[in-house]
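Me: I would like to learn how to read a β-sheet in a model. Please take me through one.

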Amino acid sequence: MAILVTGGLGYIGSHTVVELLNNNFEVIIVDDLSNSEKFILNNIQEITGKKPIFYPFDLRRKELLHQVFDAHTIEGCINFAAYKAVGESQEKPLDYYENNLFTLINILQEFKNRNISNFIFSSSCTVYGQADKMPIDESALLKTPESVYGKTKQMGEEVLKDFANAYHSKICLLRYFNPIGAHPSSLLGELPIGVPNNLVPYVMQTATGIREKLNVWGNDYNTEDGTAIRDYIYVVDLAKAHVAALQKLMTNTSVETTIDIFNLGTGKGSSVLEVVEAFEKANSVSVPYQICDRREGDIEIAYADASKAEQELGWKSETTLQEALKTAWNWQKYLETKTN
Ligand code: UFG
């Protein structure tokens, strides 16, 4: 019995594969390496002492996916495979809709034809837009996301709910807040392509001197220091939530449709300047920055009410912002030794 992990060599995917292997799941990775590197597979093996089965192909290739399902007894899927760059999604909407939705539908077709249940979907807090009240719980109103990327997440959720209702399946939608950090071994972490869009990778590249200064997008928000607030969740904590969610689905023997939805965050908001300060403190480095205009599409504030995950999954975030930022920096140093 195996769990299919699509995008299993990516940032959150690879950390989750490690947690699954540590919990004795058999793991099959499908990843087309479009936003990941093959060396991550070896590093997963180095951390866990186990080598997951790996298929390098694009999930839009239905016939190859079909062969994987023929070759293994797959009991569930965690679907990380998706394009995720917000800005790029505006420039290439068709690529995003095609990749993020067709791949999902192709896996669900196999699930339907083989009567498989247990599907976990990587969703995002972007489905809430600027929520009306903080912290955000799972009953908050969904708003049409600003980006095509966000829309693919919201549409993916709808596809899955309809799938679960029609075929009495068990699905789980995990809405991540802002994942940060790297594995404590420094063998796994985020690999941004080109100029990073997200805050922590940009902070790291500024601290190493690859970037001259961090652009802080706006200090005229209605927050204490004027910069926008997010809920930064440590990637290993996030990975552990996937195992807990999978175990909950798999031990649920009811034949009823199950649609679980969980917000995954720390419950605490941090401003951009607080992240910069925490990074500097954690790593004894300085991060030069300048204040710029607001970035288009950004919201003011978002942090999670993650109490449902604590009650129903027995999961909660355990790692502080500073600890997470320390692991991020160690990963950056590891990457430098690899390229030198
Ligand atoms: N920020 C900067 N400078 C940077 C990068 C980011 O000031 O160079 C700020 C942003 O303006 C924002 C905060 O840091 O206030 C966090 O920005 P990120 O880009 O790291 O994360 P976002 O909250 O914008 O992105 C998250 C998820 C996306 C999702 C998006 C939707 O990472 O997957 O929310 O709003 F699509």
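Me: In E2, which residue is the bridge partner of Thr6?

Reply: Strands of a sheet pair through backbone hydrogen bonds, either parallel or antiparallel. In this predicted model, Thr6 has Val30 of E2 as its bridge partner. Leu4 likewise faces a residue of E2, standing opposite Ile28. Strand E1 (residues 2-6) and strand E2 (residues 26-30) run parallel and are joined by 5 bridges.

Me: How many bridges pair E2 with E3?

Reply: E2 and E3 pair over 3 bridges, in the parallel sense. Ile29 stands opposite Phe54 in E3. Here the chain passes from E2 through helix H2 (residues 39-48) to E3, in a right-handed β-α-β crossover.

Me: Why is E2 largely enclosed by the rest of the structure?

Reply: Buried here means under 20% relative accessible area. Of the 5 residues of E2, 4 are buried, so the strand is largely enclosed.

Me: What is the strand order of the open sheet?

Reply: The order of its 7 strands is E3-E2-E1-E4-E5-E6-E11, with parallel pairing. Strand E3 (53-55) and strand E11 (258-264) are at the edges; each has a single partner strand, so one side of each lacks a neighbour in the sheet. On average, neighbouring strands are turned by 20° against each other, direction ignored.

Me: Which strands does helix H8 touch?

Reply: Helix H8 (residues 235-251) packs on the sheet and touches E1, strand E4 (74-79), strand E5 (119-124), strand E6 (170-176) and E11. The direction of H8 makes about 160° with that of E6.

Note on methods
Residues are numbered from 1 along each chain as its sequence is written. This is a predicted model: local features need pLDDT of at least 70, side-chain atom pairs count only at pLDDT 80 or more; totals for chains, interfaces and linings use all residues. Side-chain values use heavy atoms; hydrogens and water are left out. Two strands pair if DSSP finds at least two bridges between them. Helices (H or I, at least four residues) and strands (E, at least two) are DSSP runs, numbered from the N terminus. Axes are lines fitted to C-alpha atoms, for helices over the stretch in contact, and angles run from 0 to 180 degrees between N-to-C directions. Contact means heavy atoms within 4.5 Å. Buried means under 20% relative accessible area, exposed over 50%, partly exposed in between (1.4 Å probe, protein chains only). A crossover is right-handed if, with the strands pointing away from the viewer, the path from the first strand over the helix to the second runs clockwise.
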